[in-house]
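Here is a short walk through a protein model. Keep the structure in view as you read.

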Amino acid sequence: MLEYLVAKALADKLDVVQALYDYFVNGVSPSVLAVRYGLSKHQIRGYIQRITEKTGSLTRARIVIKYATPFILRVRPVMKRVGENLVKCMVCGDELPIQVAEDHIKKYHSTLLSEYIGAVIELMRRELRASREGIEHSKVSESVK
Ligand SMILES: [Zn+2]
């Protein structure tokens with residue numbers, strides 16, 4: 001599931017990541033998202049379905065997306081638009097249709113993809129640890145009072 005989202009980010013499809021966040025975390029309806037991000041309702045439903053399938057449950061999807069998205073949005077895309085439906089891979093220089101951008105990354109730059117996934121997981125862990133410690137700190141200061 002993280003692979004799916006990170007590949008989207010690397011492929012310069014951050015609007016899809018943002019749309020999924022709006023749906024799963026903010027509860028925005030697919031028809032509103034379609035207008036907001038210039039995607040079809042059908043596409044949005046497809047993304048939602050794929051995410052739900054990958055995580056196995058809506059609740060789990062919501063949690064992962066909530067914590068991972070802020071870090072995924074920081075990923076710098078490796079694909080650059082060079083035409084209507086054409087992108088250029090900044091890693092190897094290949095030009096390819098935007099539809100196959102993620103497949104290209106998964107197939108030819110899997111090491112890069114795993115590095116980014118690893119970085120996102122590490123940042124999420126750190127954040128969870130920090131928020132847990134934050135709770136403990138507030139408990140301590142409560143008991144001091
Ligand atoms: Zn490439």
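Helices α1 and α6 are roughly perpendicular to each other, because angles from 65 to 115 degrees count as roughly perpendicular. This is a predicted model. The angle at which α1 and α6 pack is about 110°. Find α1 at residues 2-10 and α6 at residues 101-108. Their axes lie 9 Å apart. The crossing of α1 past α6 is right-handed.

Which residues of α1 and α6 make the contact? From α1 come Ala 7, Lys 8 and Leu 10. From α6 come Glu 102, Ile 105 and Lys 106. Sorted by class, this contact has 3 nonpolar and 3 charged residues, and no polar ones.

Now turn to a second pair. Helix α3 covers residues 30-37, and helix α4 covers residues 41-55. Two numbers describe such a pair: packed helices are characterised by the angle between their axes and the distance between the axes. For α3 and α4, the axes cross at roughly 115° and come within 8 Å. That angle makes α3 roughly perpendicular to α4. What is the handedness of the crossing of α3 and α4? The crossing is right-handed.

Look at where α3 and α4 meet. On the α3 side are Pro 30, Ser 31, Leu 33 and Ala 34. On the α4 side are Lys 41, Ile 44 and Arg 45. By class, the contact of α3 with α4 has 4 nonpolar residues, 1 polar residue and 2 charged residues.

Methods: Residues are numbered from 1 along each chain as its sequence is written. This is a predicted model: local features need pLDDT of at least 70, side-chain atom pairs count only at pLDDT 80 or more; totals for chains, interfaces and linings use all residues. Axes are lines fitted to C-alpha atoms, for helices over the stretch in contact, and angles run from 0 to 180 degrees between N-to-C directions. Helices (H or I, at least four residues) and strands (E, at least two) are DSSP runs, numbered from the N terminus. Angles under 35 degrees count as roughly parallel, over 145 as roughly antiparallel, 65 to 115 as roughly perpendicular and the rest as oblique. A crossing is left-handed if the near helix is turned anticlockwise from the far one by less than a right angle, and right-handed if clockwise. Two residues are in contact if their C-beta atoms, placed from the backbone, lie within 7 Å. Ala, Val, Leu, Ile, Met, Phe, Trp, Tyr, Cys and Pro count as nonpolar, Asp, Glu, Lys and Arg as charged, and the others, Gly among them, as polar.
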